[in-house]
Amino acid sequence: YHGDLLCGSYNGVYRFSLATKQFVPLDTTLNRLLPHVCDMTLDANGCLWIVGEGLARYEMTTGKTELLQAPFMRASERVCAIADKIYIGTSGYGVYCSSIHQWNPQQVEGIKSRFVHNLLVLPEQKMMVVGTDGMEFYHTQDGYVHRHKSANGLPLKSLYNGAAERLTD
């Protein structure tokens, strides 16, 4: 972010300056409200969404912090932004989606995995969900889901850590 790295930790979000090689808290209020960070992403408007023991939305330009509420919130583990939507992967409740402009989370229909270990943004507004039910490719525009399960040759237990990454040139 503006030449620095944003790092999530068990003590909140820190900004690491590549120039000075120093860590500084991104925002002390944010870190007090949501100290344990599992994942975070920037949306199209430059807001940082942070999941840990809850979900927070942090406006990078103003420093405004908002803790968001929903029944699945304590089980949130992963977050990604696609177009004007935010997707939250949970441990036990599946995947939820909300507009980045107005918080109104709805469960994403068609995704089978209840325990989501990773969410990856793919080209053409698609998302890969890595979870206990295998890998699922979700087309955000039409809701189509394509599943790859252990029958395709990947042992299901191999997905429990959720290690997957999209590499670009």
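## Ground rules

This is a predicted model, so to speak of a local feature here takes pLDDT of at least 70, side-chain atom pairs count only at pLDDT 80 or more, and totals for chains, interfaces and linings use all residues. Numbering runs from 1 along each chain as its sequence is written, and side-chain values use heavy atoms, with hydrogens and water left out.

## Overall make-up

The protein has 1 helix and 15 strands; these are DSSP runs numbered from the N terminus, with helices being H or I of at least four residues and strands E of at least two.

Take the contacts (heavy atoms within 4.5 Å) between residues at least 6 apart in sequence: 36% of them join residues at least 24 apart.

## Asp43, buried without a salt bridge

Asp43 sits in the loop between strand S4 (37–42) and strand S5 (47–52). Asp43 is buried but has no salt bridge, a term that needs a side-chain nitrogen of Lys or Arg within 4 Å of a carboxyl oxygen of Asp or Glu. The nearest side chain of opposite charge is Arg57, 4.7 Å away; for charge, Lys and Arg count as positive and Asp and Glu as negative, while His and the chain ends are not counted.

What does the Asp43 side chain reach instead? The backbone nitrogen of Asn45 is at 2.7 Å, and a 2.8 Å polar contact links Asp43 to the side chain of Trp49. A polar contact is a pair of N or O atoms within 3.5 Å; within protein, one must be able to donate a hydrogen and the other to accept it, and residues adjacent in sequence count only if both atoms are side-chain atoms. Setting aside neighbours within four places in sequence, Asp43 touches Trp49, Ala81 and Ile100.

## The largest pocket

The largest pocket has a volume of about 160 Å³. Strand S8 (76–82) and strand S12 (116–122) are the elements giving two or more residues to its lining, and S12 has the largest share, 4 residues.

A pocket is an open set of points on a 1 Å grid over the protein atoms alone, where a 1.4 Å probe fits, with protein on both sides within 12 Å along at least five of seven lines; lining residues have an atom within 4 Å of a point.

## Two positive phi values

Most residues other than glycine have a negative phi. Glu124 has phi near 60°, and Gln125 about 55°. Glu124 is exposed because its relative accessibility is 64%, whereas Gln125, at 32%, counts as partly exposed.

Terms used:
Buried means under 20% relative accessible area, exposed over 50%, partly exposed in between (1.4 Å probe, protein chains only). Grid points are joined across faces, edges and corners, and a volume is the space filled by probe spheres set on the points.
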